[in-house]
Amino acid sequence: MASTGPPQSLKRSDTSLTREGDQLIITPLGAGNEVGRSCVYMSYKGKTILFDCGIHPAYSGMAALPYFDEIDPSTIDVLLVTLFHFDHAASLPYFLEKTTFKGRVFMTHATKAIYKLLLSDYVKVSKVSVKDMLYDEQDILRSMDKIESGHVLGAAMFMVDIAGVRVLYTGDYSCEEDRHLRAAEILQFSSDICIIESTYGVQLHQPRNVREKRFTNVIHSTISQGGCVLIPAFALGHAQELLLILDEYWSNHPFVSSKIRVFSSLSSSADSEVTQSLYTALTEGVGALFG
């Protein structure tokens, strides 16, 4: 686990190659002892990889970035982005356009599509609330041309094999199928090292049906008493899931349904075109809506 301060400098010296290249180095440039700005540096056998490129949601401007000044971006061969959420991808335009990085960038097709929508909205909001902008709309558009993408929906894990050493980087993942996305596919392979998302690694959640019942009971009770419920869905994916839970509940409780108003913001509508074009990765119930 990383220390709370900046990591030891990982910039390459000007000396000739030594046997130090035989040492596998993995260093969090963010998200080591915190939630946010996921960015993990890995170097082995002369190859250098960066996993994710997020920002810290609690900070603004340069303070929100991973510790990029501790590495030499020009030495990184490939950057792998697991998903489009801010804490995994929002510093990418800065890294691609304002540093010396010249390597290749990979993410899934849906991540690339939603990345543009999400960060464009972030820039518009930031113009009001943040003075020291990290990048602008043109930086985002230029970064799109540098991103190579696959063809599956949403988040992805990356297995990297260098000289027979296999490293699995998970990013965010779920092995439980929800109402709009299938569970993560668990392939039969082994890795020598696993770098795993562990935000909730020491917590035990209640069963999904219990949590959903608590959620809908609070809404029903509040509306029955003449109150209002405001649900700030903070991230794409979470918004769609909540809307599907409510849609099912409304169908079975017409009284509640008649009191509901839905504000369709970026979180609930921005990825609808992507979702429709890649519906085969969704659960059967949701996929049938677009099939």
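This is a predicted model: local features need pLDDT of at least 70, side-chain atom pairs count only at pLDDT 80 or more; totals for chains, interfaces and linings use all residues.
I looked up the bridge partner of L50 first: in β4 that partner is L79. Strands here are DSSP runs of E, at least two residues, and helices are runs of H or I, at least four residues, numbered from the N terminus.

Residues are numbered from 1 along each chain as its sequence is written, and side-chain values use heavy atoms, with hydrogens and water left out.

Back to β3. I find β3 and β4 (residues 78–80) running parallel, joined by three bridges; strands count as paired if DSSP finds at least two bridges between them. On β2 (residues 39–44), the pairing with β3 is antiparallel, over five bridges. There I see M42 opposite I49 of β3.

Next I checked the hairpin of β2 and β3. Two residues sit between the strands, and K45 has a positive phi near 50°.

How covered is β3 (residues 47–51)? Mostly: I get four of its five residues as buried, meaning under 20% relative accessible area with a 1.4 Å probe, protein chains only.

Last, the whole protein chain. I count 10 helices and nine strands. Of its 291 residues, 40% are buried. For contacts (heavy atoms within 4.5 Å) between residues at least 6 apart in sequence, 69% join residues at least 24 apart. I noted an accessible surface of about 16,700 Å², 54% of it on carbon and sulfur atoms, by the Shrake-Rupley method with a 1.4 Å probe.

Technical notes: Buried means under 20% relative accessible area, exposed over 50%, partly exposed in between (1.4 Å probe, protein chains only).
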